[in-house]
Amino acid sequence: MWSYDDSRTAWPALLGDAAGRPGAPATAAPARLQDATGLPPAYIEVGQLDAFRDEDLAYATKLNRAGVPVEFPLHPGVPHEFDSIAFTTDVARRAIADRVRVLASL
């Protein structure tokens, strides 16, 4: 499972010296996006126990405030990669069905 330590390793690997600094590109760190106006509709899902939960929620909120349609399922009681770890659970099946529904609607 992904941990906070993994994030501390991954960001510098992706961004180099820009990691954790104001100059990080918004495409790599969407939560830093200043203006989300005009972005396409978004589907963002996350587990309640996921290390990325708060970042995902902040990004979904930013999109919503900019008038971007957002669907944001927050799956209770599950961590990052819950659908891979326990793919036969009801919550994983619902998540996968939602993803298929969203992709089919494109």
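A: Arg53 and Asp54 form a salt bridge in which the closest N and O atoms are 2.9 Å apart; the term stands for a side-chain nitrogen of Lys or Arg within 4 Å of a carboxyl oxygen of Asp or Glu. The model is predicted, so local features need pLDDT of at least 70 and side-chain atom pairs count only at pLDDT 80 or more, while totals for chains, interfaces and linings use all residues. Residues are numbered from 1 along each chain as its sequence is written, and side-chain values use heavy atoms, with hydrogens and water left out.

Arg53 is partly exposed, at a relative accessible area of 30%, whereas Asp54 is exposed at 51%. Here buried means under 20% relative accessible area, exposed means over 50%, and partly exposed lies in between (1.4 Å probe, protein chains only).

The structure holds six salt bridges. Another of them joins the side chains of Arg99 and Glu45, with an N to O distance of 2.3 Å. Arg99 lies in helix H4 (residues 90-104) and Glu45 in the loop between strand E1 (42-43) and strand E2 (46-47), so this pair ties together parts that are 54 residues apart in sequence. Helices (H or I, at least four residues) and strands (E, at least two) are DSSP runs numbered from the N terminus. Arg99 has 25% relative accessibility and counts as partly exposed; Glu45, at 19%, is buried.

Helix H4 also contains the pair Asp98 and Arg101, three residues apart, or about one turn of the helix. Their side chains meet in a salt bridge at 3.5 Å, N to O. Both are partly exposed: Asp98 has a relative accessible area of 23%, and Arg101 has 40%. Salt bridges with shared partners also join Glu45, Asp83 and Arg99 into one network.

As for the chain around these pairs, its secondary structure comes to four helices and four strands, in the order α-β-β-α-β-β-α-α from the N terminus. Of its 106 residues, 26% are buried. Among contacts (heavy atoms within 4.5 Å) with a separation of 6 or more, 59% are between residues 24 or more positions apart. On the charge side, the mean positions of the 10 positive and 14 negative charges are 4 Å apart. In that count Lys and Arg are positive, Asp and Glu negative, and His and the chain ends are not counted; each charge is placed at NZ of Lys, CZ of Arg, CG of Asp or CD of Glu.
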